[in-house]
Amino acid sequence: MDYSERRKAQSRQTEQRILQAALELMRDRGYENVSVRDICGRAKITTGAFYHHFPSKDALISKGFGALDHYVETVLERRGEEEPVERLRTVVGAYGDFMERECGSLTAKYYLMRLSNAQAGVRLDPTRFIQTVMVDCFTKAWKSKESLRGRSPEWAARFCYIHFRGVVIDWVLSGYSYSLTSKMLDDYEAFRVLFLG
């Protein structure tokens with residue numbers, strides 16, 4: 001690995017440490033009760049390093065949910081090869097588990113930020129890991145079949161992701177009163193029947 005590659009890897013590791021520290025602190029204390037200085041102390045970095053990676057605490061929240069993709073990827077790696085239908089179930093379960101265990105009330109802050117500023121216009125990124133793995137699952141599951149009423153695997157993955165994002169929002173609106181992961185896995189069974197046969 002050359003010098004520039006090492007620097008990029010170190011930068012990614014520092015960013016992940018910042019995100020992890022912020023999620024842990026905010027989960028325990030709440031968003032408003034955690035300062036940039038608190039995050040830096042937990043991550044063992046300087047405030048200059050923080051601002052090198054993130055222009056603000058709000059920007060950190062927006063980027064922080066990108067850790068969802070990393071979490072899902074890690075869970076899938078641990079599980080190894082699975083049939084597409086089971087792999088998709090693993091993705092949905094990991095998504096719910098991450099939001100429930102790692103994010104909690106930060107989820108409300110994230111969606112409020114998305115709805116109240118310029119980020120509200122940001123669409124689902126089709127290149128995100130969670131989106132590409134869902135497309136891959138639907139593609140493989142439908143390989144020997146025609147797609148559902150002319151719909152593509154990309155359409156099914158987007159529809160599925162939007163539904164589950166809606167479940168997360170409902171969980172927030174209901175005051176976190178039910179198990180998100182259980183609800184998502186229950187809904188997945190209906191999706192499995194509808195989309196995957």
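**Before starting.** This is a predicted model, in which local features need pLDDT of at least 70 and side-chain atom pairs count only at pLDDT 80 or more, while totals for chains, interfaces and linings use all residues. Residues are numbered from 1 along each chain as its sequence is written, and side-chain values use heavy atoms, with hydrogens and water left out.

**Stop 1: the whole chain.** Show it as a cartoon. The protein has 10 helices and 0 strands; these are DSSP runs, numbered from the N terminus, with at least four residues (H or I) for a helix and at least two (E) for a strand. Of the 197 residues, 43% are buried. Buried means under 20% relative accessible area, exposed over 50%, and partly exposed in between, with a 1.4 Å probe and protein chains only.

**Stop 2: the core.** Select Met-26, Ile-39, Phe-50, Leu-60, Tyr-95, Phe-138 and Phe-164. Within the largest nonpolar core, of 59 residues, these touch the most other members. Helix H9 (residues 153-173) gives this core its largest share, 9 residues. A nonpolar core is a set of buried Ala, Val, Leu, Ile, Met, Phe, Trp, Tyr and Cys residues joined through side-chain atoms within 4.5 Å.

Now centre on Ile-39. Beyond its neighbours within four places in sequence, Ile-39 has contacts that include Ile-18, Leu-25, Met-26, Phe-50 and Leu-60. A contact means heavy atoms within 4.5 Å.

**Stop 3: Lys-57.** Find Lys-57 in helix H4 (residues 57-64). A salt bridge needs a side-chain nitrogen of Lys or Arg within 4 Å of a carboxyl oxygen of Asp or Glu. The side chain of Lys-57 does reach the backbone oxygen of Val-34, at 2.6 Å.

**Stop 4: salt bridges.** The count comes to 10 salt bridges. Select Arg-101 and Asp-97, which form one at 2.9 Å, N to O. Both lie in helix H6 (residues 84-103), 4 residues apart, about one turn of the helix.

Next, select Arg-192 and Glu-189, whose closest N and O atoms are 2.9 Å apart in a salt bridge. They are 3 residues apart in helix H10 (residues 180-196), so about one helical turn separates them.

Finish with Arg-79, Glu-82 and Glu-86, which are linked in a network of salt bridges.

Conventions:
A polar contact is a pair of N or O atoms within 3.5 Å; within protein, one must be able to donate a hydrogen and the other to accept it, and residues adjacent in sequence count only if both atoms are side-chain atoms.
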